[in-house]
Amino acid sequence: MATRAPDRPAAAPPGRPVRAGHGPRRALYRQWVHRLDTKGSPYAYVAPFFLLFSAFGLFPLVYTAWVSLHEWTLLEDEHTFVGLENFSTLLADDYFWNATFNTLSIGVLSTVPQLVLAIWLAHLLNRPLRAQTLFRVTLLLPNVTSVVAVVVIFSQLFGRDFGLINWVLSLVGVDPIAWNEGTASSHAAISVMIMWRWTGYNALIFLAAMQAVPRELYEAATLDGAGELTQLRRITIPMIKPTIVFVVITSTIGAMQVLAEPLLFGTYSVSGGPDRQYQTLALFIYENFTKLDFGYASAISWMMFLFIALAAGVNYLLTRRTKGGLT
């Protein structure tokens, strides 16, 4: 019986020598590349944001803090280091505290009604309606309108002698109001401008959150006899609280930075009226920049930054402590 010769390994092609360990080395290389791609790709994707933030966010913030510690004007070549003198002067400045009060007053008058109205509009649009896209686009139109055009039109509406608002009030026996001369009246007028511009934008954010709420909850509530107001209070608001917290914080930040409306309202002055009755912190900063006093303006900017951080933190804690908590 013939025996079968053992199989021999295939010979290497002519001109191509066999390299020991070539396969394991290539596998290690591919494993290293895969590990580098897995761990390094996320950092590469977010790197452009951090580069832009460092150039246009972090560096100006740090540089402004450095400028606030100097007597820095364009009228002098040398910038004397004064430490915290600008901040101590600022805390004793009545104009600064007046601007702080105006900012808080306008912020409260514009933000609270704006958020309530935005939630209600979003609740109405969350139901099946005809031409839903048209209504949603209409809500966004005030936000994309030029703020200069908005303020000019509203300044005419709030005119003392020929304004539409005073004409309507005269029909019920109210005397003409000089909206840009009084503190309360000017704050109310500016707040209406801000509300008209941002209510629709916030309503769309709330609407996007409401559409993620399961429809079964509303159907069950309807079967139990709950009305629309009850469904809004017991179902919608608790389910969209994370979005409410986000909108409250962003609206607070925006309210603390109001500039265009008080700048263009009435007298078109950086002083915010003859008695500074509607000068905000942002307008106060702009006034000192026009005076080329960059050190003092930078100190005001940092104080406004601290106020914004404090107000945002307080709003966050208040919204978290409301009934229902956050999910």
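The areas themselves come from the Shrake-Rupley method with a 1.4 Å probe, and for residues only the protein chains shown count as cover.

What you see above is a predicted model, where local features need pLDDT of at least 70 and side-chain atom pairs count only at pLDDT 80 or more, while totals for chains, interfaces and linings use all residues. Residues are numbered from 1 along each chain as its sequence is written, and side-chain values use heavy atoms, with hydrogens and water left out.

So, the overall picture. The protein chain has 13 helices and 2 strands. Those are DSSP runs numbered from the N terminus: helices are H or I with at least four residues, strands are E with at least two. Of the 327 residues in the chain, 34% are buried. The chain exposes about 20800 Å², and 67% of that is supplied by carbon and sulfur atoms. Now contacts, meaning heavy atoms within 4.5 Å. If you take the contacts between residues at least 6 apart in sequence, 67% of them join residues at least 24 apart.

Let's zoom in on helix α12. How many of the 10 residues of α12 are buried? It's 7, so this helix is largely enclosed by the rest of the structure. The buried ones are Leu 281, Ala 282, Leu 283, Phe 284, Ile 285, Glu 287 and Asn 288. You've got a charged residue in that list, Glu 287, so what is its side chain doing?

This is where salt bridges come in. The rule here is a side-chain nitrogen of Lys or Arg within 4 Å of a carboxyl oxygen of Asp or Glu. The general idea is that side chains of opposite charge can pair when their charged atoms come close. A search of the whole structure turns up 4 of these bridges.

One of them joins the side chains of Arg 276 and Glu 287, at 2.8 Å from N to O. That pair links distant parts of the chain: Arg 276 sits in the loop between α11 (260-264) and α12 (281-290), Glu 287 is in helix α12, and they are 11 residues apart. Is Arg 276 buried or exposed? Arg 276 is buried, because its relative accessible area is 12%. Glu 287 is buried as well, with 6%.

Lys 291 counts as exposed, because its relative accessibility is 51%.

You'll find Lys 291 in the loop between α12 and α13 (294-320). Leu 292 counts as partly exposed, because its relative accessibility is 27%.

Here's another pairing across the sequence. Gly 182 is in the loop between α6 (164-170) and α7 (183-210), and its C-alpha is 6.8 Å from that of Gln 277, although the two are 95 residues apart along the chain. Gly 182 counts as partly exposed, because its relative accessibility is 24%.

Back to salt bridges for one more. The side chains of Arg 160 and Asp 161 meet at 3.1 Å, N to O. Arg 160 counts as partly exposed at 45% relative accessibility, whereas Asp 161 counts as exposed at 57%.

Last stop, the surface. Glu 71, Glu 76, Asp 77, Glu 78 and Glu 85 gather there in a patch of negative charge. Patches are made of residues with over 30% relative accessible area and no salt bridge, with like charges joined within 9 Å and nonpolar side chains (Val, Leu, Ile, Met, Phe, Trp, Tyr) within 5 Å. Lys and Arg count as positive, Asp and Glu as negative, while His and the chain ends are not counted. A charge is placed at NZ of Lys, CZ of Arg, CG of Asp or CD of Glu. Asp 77, one of the patch residues, lies in the loop between β1 (70-71) and β2 (80-81). Asp 77 counts as exposed, because its relative accessibility is 78%.

Conventions
Buried means under 20% relative accessible area, exposed over 50%, partly exposed in between (1.4 Å probe, protein chains only).
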